[in-house]
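I'll go piece by piece and jot down what I look up.

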Amino acid sequence: MVVAIGFEGSANKLGVGIIRHEGDQVTVLANVRDTYITPPGEGFQPRDTAQHHRDCVLQVLQKALNDAALTPDAIDVICFTKGPGMGAPLTSTAIVARTLSLLWNKPLVGVNHCVGHIEMGREVTKAVNPVVLYVSGGNTQVIAYSQRRYRIFGETLDIAIGNCLDRFARILNLSNDPSPGYNIEQLAKKGKNYIPLPYTVKGMDVSFSGILSHIEMIAKERLHTGEVTPEDLCFSLQETMFAMLVEITERAMAHVESTEVLIVGGVGCNIRLQEMMEQMAQQRGGSVCSMDDRFCIDNGLMIAHAGLLAYRTGFTTPLEKSTCTQRFRTDEVYVAWRE
């Protein structure tokens, strides 16, 4: 039996999770999260986000320990997000993990944020060997496992899909509570008229910056006249971008001969994206493995789980190498725990 605590703070969510592995049996002991929410029309700045993490980490940590009914003595390893992510929030969270490692005399494991999402998704959905669509505020990738690595088959060439949604929410002055993407999703459900937008798929890669520029221009020129509505714009943006993602995911499925799609990352909570992907997968005789916001949105539990998988293979991160890497590629990680 091995117990890990995980700290996630790569963006505006500070998460602490505790998990127990007993052979192949995985037990969730705690999954606590606190989100930094800015006023409508504003994004979150690295310095302010880092301050939020510093302000709330002790309360979140204490609640996680209380939920798990554990003392620090019962923790075997401390895991933290090494990257990718925003530099200041990552560093603030890593400092907490390092400090506790010294105070509690426990080993450290630095975890790739993307791999954390994938492994949590595999555990929750029991997907065997899926093509992974990883969609979040900072990442958009189509991934499949091969020869001890998570290989990137396609990705965004500029901004991530979540970043595109967040920035469009600012144009519409939508609330950031609980998240800009969620509020766009709710408006999109009421949209009826599709407004043509650029559809930019380049091989296995996608591009979202041109779509954002185009829809921003439409919003500025035509919203105040009543020619278009916020609902129609949100509907059109989702339909276009999600269709692009479905296309490159289907191509990856054909290439690796997989019948499963696993959707991870915050944007993966979007019901419309799940529906569109399900339609494609069913036509191929396959299925979609998706999750709700407990595990899709950034959380400390996924870091604890992925870190524990690595720790059980003998991997640890020395204190002097427990730095953060803002650009930490998914395919850089050696996946020793998979066949």
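This is a predicted model: local features need pLDDT of at least 70, side-chain atom pairs count only at pLDDT 80 or more; totals for chains, interfaces and linings use all residues.

**Entry 1: the hairpins around β7**

I began with the hairpin of β7 and β8, which has 2 residues between its strands. Gln 147 in this hairpin takes a positive phi near 50 degrees. I then checked the pairing and found β7 and β8 (residues 149-155) antiparallel, over 6 bridges. Tyr 145 has Tyr 150 in β8 standing opposite.

A hairpin of 4 residues makes the join from β6 to β7. Here I picked out Tyr 134, whose bridge partner in β7 is Gln 141.

Is β7 mostly covered or mostly open? I get mostly covered: of the 7 residues in β7 (residues 140-146), 6 are buried.

**Entry 2: the open sheet**

I moved on to an open sheet of 5 strands, and wrote down its order as β3-β2-β1-β4-β5, with mixed pairing. Which strands stand at the edges? They are β3 (25-35) and β5 (108-112); each has a single partner strand, so one side of each has no neighbour in the sheet. From one strand to the next, the twist averages 20 degrees.

Then I went through the pairs. β1 (residues 2-8) and β2 (residues 13-22) run antiparallel and are joined by 7 bridges. Ile 5 stands opposite Ile 18 in β2. With β4, β1 pairs in the parallel sense, over 4 bridges, and there I found Phe 7 opposite Phe 80 in β4. β4 and β5 also run parallel, joined by 5 bridges. Gly 83 has Asn 112 in β5 opposite.

I checked how covered β4 is, and 7 of its 7 residues are buried.

Which helices go with this sheet? I found α2 (residues 87-104) lying across β1, β2, β4 (77-83) and β5. It runs at about 160 degrees to β4. α3 (residues 113-125) packs on the sheet as well, and touches β1, β3, β4 and β5. Its direction makes about 85 degrees with that of β5.

**Entry 3: α4 against α6**

Here I wanted the angle and the distance, since two packed helices are described by the angle between their axes and the distance between the axes. For α4 (residues 161-171) and α6 (residues 209-222) I have an angle of about 15 degrees, with the axes 11 Å apart. That makes α4 roughly parallel to α6, because angles under 35 degrees count that way. The crossing of α4 past α6 is right-handed.

What meets what in this contact? From α4 I listed Cys 164, Arg 167, Phe 168 and Ile 171, and from α6 I listed Leu 212, Ile 215, Glu 216 and Ala 219. Sorting the residues of this contact gave me 6 nonpolar, no polar and 2 charged.

**Entry 4: α5**

α5 (residues 180-188) turned out mostly covered, with 7 of its 9 residues buried. The buried ones are Pro 180, Gly 181, Asn 183, Ile 184, Glu 185, Leu 187 and Ala 188. I looked up what they pack against, and noted α4, α7 and α8 (271-283).

Why do I call Ser 236 buried? Its relative accessible area is 0%, and buried means under 20%. Not counting residues up to four places away in sequence, Ser 236 touches Asn 193, Tyr 194, Ile 195 and Leu 197.

The other is Ser 290, in the loop between β12 (287-289) and α9 (293-296). Ser 290 counts as partly exposed, at 30% relative accessibility. Leaving aside neighbours within four places in sequence, I found Ser 290 in contact with Thr 125, Ile 263 and Gln 274. I also looked up the distance to Ile 271, which is 19 residues apart from Ser 290 along the chain. Their C-alpha atoms are separated by 9.6 Å.

Notes:
Residues are numbered from 1 along each chain as its sequence is written. Side-chain values use heavy atoms; hydrogens and water are left out. Buried means under 20% relative accessible area, exposed over 50%, partly exposed in between (1.4 Å probe, protein chains only). Two strands pair if DSSP finds at least two bridges between them. Axes are lines fitted to C-alpha atoms, for helices over the stretch in contact, and angles run from 0 to 180 degrees between N-to-C directions. Angles under 35 degrees count as roughly parallel, over 145 as roughly antiparallel, 65 to 115 as roughly perpendicular and the rest as oblique. A crossing is left-handed if the near helix is turned anticlockwise from the far one by less than a right angle, and right-handed if clockwise. Contact means heavy atoms within 4.5 Å. Ala, Val, Leu, Ile, Met, Phe, Trp, Tyr, Cys and Pro count as nonpolar, Asp, Glu, Lys and Arg as charged, and the others, Gly among them, as polar.
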